[in-house]
Amino acid sequence: MRRLLLATLVAFTVLPVAAARLPTSAALELEAVMANPDWIGQAVESPYWSVDGRSLYYSLKRDGSPVRDLYRVDPVSAHGVKLDAAAMAQAEGPAVFDRSHRHAAFILHGDVFVVDVASGRRSQVTRTPQDESSPQFSADGSALQFRDGNNWYSHDLASGVTAPAAVLKFADDPQAKQPDALGAQQLEQFKTLREIRDDKQAQREQDKALAAADADRAPPPFWLGDKIEPIDTELSPDGRWMLLVTTAKGDTSGKAPELTHYVTDSGYAEQQETRVYVGRKEPAPQSLLLLDLVNHASYPLNTDALPGIKDDPLKDLRARAVAALQKAGKMDQAKALKAPDLRAVRIIASTDDGGGGGIVWSDDGGQLAIQLRAIDNKDRWLASVDFSRHALVPQQRLSDNAWINWNFNDFGWLNGNRTLWYMSEETGYSQLYTKPLEGKAKALTSGKFEVSHPLLSDDGKWFYVRTNKVTPYSYDVYRLPVDGGTLSRITNYQGMDDFKLSPDGTQLAVLHSAPYVLARLAVQPSAGGTPRELTSTMKPAFTAHDWIAPKIVEVKSSHGAGSIYAKYYGPANEDTASKPAVIFVHGAGYLQDVTLSWSNYFREQMFHNLLVQQGYVVLDMDYRASEGYGRAWRTAIYRQMGHPELEDLLDGKAWLVKNHHVDPRRVGIYGGSYGGFMTEMALLRAPGEFAAGAALRPVSDWTLYNHEYTANILNDPQLDPDAYTASSPIEYADQLRDPLLIQHGLIDDNVLAQDSIRLYQRFIELHKKDFWISLYPLERHGFVHADSWHDEYRRIDELFNTYVKPVKAAPAAH
């Protein structure tokens, strides 16, 4: 599932590259730090192996343009070339293979291609204006299956014929329509009408018989009625079954707020509809329909056998909310909060994430596993399907009193097609498990670390995973036998971002980075060994500068939470003089910024270097709610966003005072998105602790954010109004006493500028002082224009130099 996060997205501007020059000894200037980032270099993106395993492809953003160019590199010689238009037409896409590795298939420019692996001969299967996707080989290897939207096709490799696997019609069968009373009377009275009817029926019966006897004919349509619409379809590799995910047709999404584009090509102000507020309309429930493509029959897969599906995990909150509404005389609203007899569910669709989502067929098509998630976010189920009974069979249930993580939900089948593998946080950390359909689950990994990116080797012998086993901020590739055993470290980068296994399973392509090194590509033996670097895309103007290496430190929690990991930026030779400090708060909430990889916040990292140059020290903390530290760390904010995190930030301030001679009266704070929200919470819930704060694109009232993110953490506002009151900065507006700068893009369709403007109006009505707002007419949530970045950080720099840096007189004794 692809959720809306409060992340500060890294987006590249399309302006020409700024003339940024930073010699090693030169002082930093804001103009260079906030320039178009093309001067830094380009990160290697989306690497994949060629079909024969002799080359790797990857993409690089073009300087001065959002266009991505495709490159090919030889993993032996490290010689790489950028492909021109003619070469790109002959390139390959990320490939899938049949079980015998005789054929491979891929998507290129939206069309399907198939390759004979032995000869290298390739054939184009489609040439259409629409984009095909999801190629997979049939269980016996005789056909290539692919999808166009929710329609699936099968291409016979021997004959070259392509045909629909099923024809889905979301309407009532016109032939099944029965005459009403008047029509029945007409048929009774007129022999000719009866003859016409019988002739049509005879022709239909003949067509049906011919179709059944002739496999070369297109399949008859499934008439599914006009009350549902498709969300996703998944075809079994043996071509026997199709699983259809549906929702009620015409389910309204609720009233969506609009934002105004003031600076437009047309010269007129233009409106844009955005997303619905949390609690104003829950996500539409989904249902499952199993289609038998051989016998042309359909069967609903009911969810009533899922354990706990009839429970109400919000029972206590619901009772309190209903009682409060009844006491207030709001009987209709109280009635609307009645718990359902059967909890609604949703299924992760392949169109959401591009990778099969919550539906996985075994290679032979004989087994089907489905991941279902309760809309209330408290349960996740894995179920297989009993095809003889057309029923779901529960295999695993994961419950969470807070909310089920949107990460660590991967699952699939081992090569024998009778055993599931899956990820789960059930022990408090994401770990890897296997479970035979008729047996008990087995943990393959265990410990207080996170396992992710599971990849099963084609021979079925090994799992490759990404994990921070050594320390929370260090990630590498490990592997272990599918039956369990030693988790062996394969790479030693500490800043490993992604990996791809070669077609023959002997080599590993690794994407890795460092705090001042963009993602680069290397290759090494998949069993471990010496890596070979294949790319170098950093530019001298950036690498020549003597950047401050962030020092990773542990700040002890004064609230029993253990160690809070943080990045500290300070001068090489610190003295004991009293100094000012800035605390940076990362976005998204659930995001890990304290790592040894390239940061999403690379501009902020350069800004921190500039702050150190100006005499500050800087601390960047992975406060509670951050990713990488387990379930308890993630869910500490349940029903109280902004509270545990503030405790951690205040512990960070105390650590700076104790260990780096920071003046407690000269500490500033800033951040964007969730970091902006936390900046407001810090100033409003702990007045006097911070000398000033800058809140960039902040959420100021959680009742105005989206459902997918917010309801996970705070439940629905109708059920849990206290959580929203406790977690929204606007509720603490009367506590403002420290300078606050609010900055927001006017066309932000993630966190709407309305959030900041409403809080600004509250300050006006409360007669507050020293608060400002700067609005950016052409920016969304993640700024993309260098001019805006420069103006935004110029104002932050001025704020800190005015209210944080100056030495303050001690308060007068009384």
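Two strands are said to pair if DSSP finds at least two bridges between them, and helices (H or I, at least four residues) and strands (E, at least two) are themselves DSSP runs, numbered from the N terminus. With that in hand, let me take you through this structure, which is a predicted model in which local features need pLDDT of at least 70 and side-chain atom pairs count only at pLDDT 80 or more, while totals for chains, interfaces and linings use all residues. Residues are numbered from 1 along each chain as its sequence is written, and side-chain values use heavy atoms, with hydrogens and water left out.

I will start with a sheet. Strands of a sheet pair through backbone hydrogen bonds, either parallel or antiparallel. Here we have an open sheet of four strands in the order S26-S27-S28-S29, and the pairing is antiparallel. Strand S26 (411-413) and strand S29 (442-443) are at the edges with a single partner strand each, so one side of each has no neighbour in the sheet. Between strand S27 (residues 419-424) and strand S28 (residues 431-436), which run antiparallel, there are six bridges. Which residue of S28 is the bridge partner of Ser 424? That partner is Gln 431.

Next, the helices. Two packed helices are described by the angle between their axes and the distance between the axes. The axes are lines fitted to C-alpha atoms, for helices over the stretch in contact, and angles run from 0 to 180 degrees between N-to-C directions. Helix H3 (residues 181-189) packs against helix H4 (residues 191-213) at an angle of about 105°, and their axes are 5 Å apart. That makes H3 roughly perpendicular to H4, where angles under 35 degrees count as roughly parallel, over 145 as roughly antiparallel, 65 to 115 as roughly perpendicular and the rest as oblique. In this contact (heavy atoms within 4.5 Å), H3 contributes Gln 186, Leu 187, Glu 188 and Gln 189, while H4 contributes Lys 191, Leu 193, Arg 194 and Arg 197.

For helix H11 (residues 644-660) and helix H12 (residues 674-685), the axes come within 10 Å and cross at roughly 75°, which makes H11 roughly perpendicular to H12. On the H11 side we find Glu 645, Leu 646 and Leu 649, and they meet residues of H12 including Tyr 674, Phe 677 and Met 678.

Seven of the eight residues of H13 are buried, and buried here means under 20% relative accessible area, with exposed over 50% and partly exposed in between (1.4 Å probe, protein chains only). After H13 comes Asn 715, whose phi is positive, near 65°.

Finally, Thr 126 lies in the loop between strand S8 (122-124) and strand S9 (133-137). Is Thr 126 buried or exposed? With a relative accessibility of 8%, Thr 126 counts as buried. Its side chain makes a polar contact with the side chain of Asp 111 at 3.1 Å, a polar contact being a pair of N or O atoms within 3.5 Å, where within protein one must be able to donate a hydrogen and the other to accept it, and residues adjacent in sequence count only if both atoms are side-chain atoms. The side chain of Gln 124 reaches the backbone oxygen of Thr 126 at 2.8 Å.
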